[in-house]
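Me: I'm new to this structure and would like a friendly walk through a few of its parts. Could you show it to me first?

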Amino acid sequence: MCGIVGYVGPQQAQDVVVEGLRRLEYRGYDSAGVALVSGGAIADAKKAGKLANLEKELADRPLPASGTGIGHTRWATHGAPNDVNAHPHLGHDRRVGLVHNGIIENFADLRARLEADGHVLLSETDTEIVAHLVELQVASGVDLTTAMQRVCQVLEGAFTLVAVDAEDPDRVVAARRNSPLVVGLGEGENFLGSDVAAFIEHTRDALELGQDTVVTITRDGVEVTDFHGAPVEGTRYHVDWDLSAAEKDGHDWFMRKEIFEQPRAVADSLLGRRSQAGLLQLDEMRLSDDEIRDIDKVIIIAAGTSFYAGMVAKYAIEHWTRIPVEVELSSEFRYRDPILDHSTLVVAISQSGETADTLQAIRHARTQRSRVLAICNTNGSTIPRESDAVIYTHAGPEIGVASTKGFLTQLVACYLLALYVAQVKGTRYGDEIDEVMRQLEAIPGHIETVLAGAEQVYDLAREHVGTRSVLFLGRHAGYPVALEGALKLKEIAYLHAEGFAAGELKHGPIALVEEGLPILCVVPPRGRDQLHEKMISGIQEVRARGARTICLAEEGDTRIEPYADALVRLPRVPVLLQPLVATVPLQLFACELATALGHDVDQPRNLAKSVTVE
Ligand code: M6R
């Protein structure tokens with residue numbers, strides 16, 4: 001949700017900043033802009049729409065050479081996505097240029113005060129007032145760092161701010177509260193970015209910043225303080241992926257590339273999870289065995305796709321550990337006065353680690369003395385930093401706005417958590433845990449098999465170009481898969497799509513079924529329970545009303561054949577692990593259908609990759 005870049009060094013800042021914005025564009029693409037410090041003035045350019053519009057503007061009207069600059073790619077909150085509201089925003093005298101990610105909650109008051117003092121504000125944004133406030137401070141004689149510290153003291157809400165001062169050409173100053181910001185450490189140059197992708201081609205050494213910090217970068221130095229000027233330490237780390245992970249690698253979309261990366265991502269997420277003695281180990285987790293034995297309830301909080309991973313986790317955790325699990329949308333969690341105490345484990349699932357709803361939910365949980373465990377893909381992000389424990393998912397950077405490998409690796413982490421708790425609590429025998437681990441370790445190969453059949457799914461997708469509505473059915477762990485399949489289609493194909501628990505259909509939604517309506521059915525594996533047969537009953541009910549069924553069913557399931565207008569085969573895996581293979585054709589289906597419809601799959605309208613506002 002908004003990408004932010006800052007640079008000081010010997011290179012042309014415009015090139016470094018625009019390249020950084022290209023890598024952050026997945027965070028927002030309503031507008032883009034840059035501001036450079038040159039010859040005692042701020043030179044800026046900004047354009048509504050995608051970064052390409054800004055690049056064209058810069059090609060037509062190049063900015064002067066400069067080694068100091070900031071940039072922004074926007075996901076609009078205050079004000080329409082037009083040129084005027086695009087960042088950077090400048091102070092009254094064009095001395096300070098500033099970009100912002102987040103929401104300044106007391107902006108109306110601050111704006112009224114500025115206007116009463118004669119300031120003319122050009123945009124509808126909350127950001128422009130901060131540019132004016134910082135400029136007032138530097139005009140009073142303090143340096144940009146002090147100005148930023150003072151202004152942060154009066155701001156409420158969530159923000160990452162990055163600013164330059166026309167009269168202080170070798171300094172970029174940034175601040176963060178509840179919004180992401182990381183420093184890239186170079187040789188004779190330094191970088192700022194909403195995430196490391198912004199500068200990964202220049203350096204893989206990064207500095208993680210704590211909450212409520214101000215950071216000043218110059219060519220040779222990085223200084224971090226709190227909002228009152230007291231020095232604080234950042235945490236240095238080395239990024240374990242490189243530029244190639246942030247490139248499309250011959251694919252048309254990042255999303256497609258990330259779908260095809262899933263065998264590797266799942267394998268990486270499983271790597272090193274067993275000790276030499278064969279016991280499950282979760283090194284980074286930081287919860288003692290006693291703390292785990294103490295858990296008598298699990299509450300999973302997450303949003304979007306991560307929420308569906310949480311729904312799958314409920315089946316796994318309850319089955320293997322017999323601990324009751326609630327799954328809750330993070331945006332709803334703290335408003336329902338949840339019952340929490342020290343023996344409740346709150347599991348926050350977030351690919352980005354920055355989702356504001358989830359962050360606020362874990363803060364609430366911690367005030368109630370619950371332990372919080374984060375399942376997260378982004379090293380150094382806020383949610384794992386503010387949690388008691390963490391399991392990283394090791395999917396590598398996910399750039400497509402629609403989550404794919406993020407989801408599958410979250411599932412892996414949830415299974416690992418469930419099995420680990422079962423091991424510690426002794427609710428499952430070691431050989432059973434061992435058997436599930438071997439089944440999990442076979443999953444990358446199974447995903448390869450599904451991907452090898454991609455053409456069949458693409459053909460099916462292209463057949464549905466004229467379709468206006470698609471339903472998805474599942475049961476048990478296949479129900480969240482149905483919801484996830486529907487979400488993918490909504491997000492990138494802009495189609496009406498809904499997922500249902502197959503047994504629930506007859507209680508109302510079946511009224512939606514009409515002649516020719518495509519319904520994708522996630523068929524559970526055949527087992528001792530009645531799931532498979534009950535699913536077939538549900539499929540019969542919709543076929544009787546004219547629906548066209550596309551069934552995802554395991555190899556060797558001949559019973560399903562008479563009920564499937566089209567049949568996509570899945571490798572045979574246990575029902576609890578089936579989401580790891582059944583989700584993949586649904587991702588391929590959505591990606592191909594959106595492509596056939598001519599949509600921008602990686603940057604779907606109205607969305608942003610990480611949602612850092614509540
Ligand atoms: O980064 P998070 O996992 O916390 O993000 C949660 C949702 O915003 C995210 O899963 C969203 O639903 C994706 N665009 C789904 O594809």
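Predicted model: local features only at pLDDT ≥ 70, side-chain atom pairs only at ≥ 80, totals over all residues.

Me: In which hand does helix 13 pass helix 14?

Reply: Helix 13 covers residues 405-425 and helix 14 covers residues 430-441. With the term above in hand, the crossing of helix 13 with helix 14 is left-handed.

Me: Is helix 13 roughly parallel or antiparallel to helix 14?

Reply: The two helices pack with their axes 11 Å apart, at an angle of about 165 degrees. Angles over 145 degrees count as roughly antiparallel. Therefore helix 13 is, relative to helix 14, roughly antiparallel.

Me: How many nonpolar residues does the contact of helix 13 with helix 14 have?

Reply: Helix 13 brings Tyr415, Leu416, Leu419, Ala422 and Gln423, while helix 14 brings Ile433, Val436, Met437 and Leu440. By class, no residue here is charged and one is polar, and the nonpolar ones number eight.

Me: Which strands are the edge strands of the open sheet?

Reply: The open sheet has five strands with parallel pairing, in the order 21-20-22-23-24. An edge strand pairs on one side only, and this holds for strand 21 (496-501) and strand 24 (566-570).

Key: Residues numbered from 1 in each chain as written. Heavy atoms only, no water. Axes fitted to C-alpha atoms, helices over the stretch in contact; angles between N-to-C directions. Helix = DSSP H or I, 4+ residues; strand = E, 2+ residues; numbered from the N terminus. Parallel < 35°, antiparallel > 145°, perpendicular 65-115°, else oblique. Left-handed = near helix turned anticlockwise from the far one by under 90°. Contact = heavy atoms within 4.5 Å. Nonpolar A, V, L, I, M, F, W, Y, C, P; charged D, E, K, R; others polar. Pairing = 2+ DSSP bridges.
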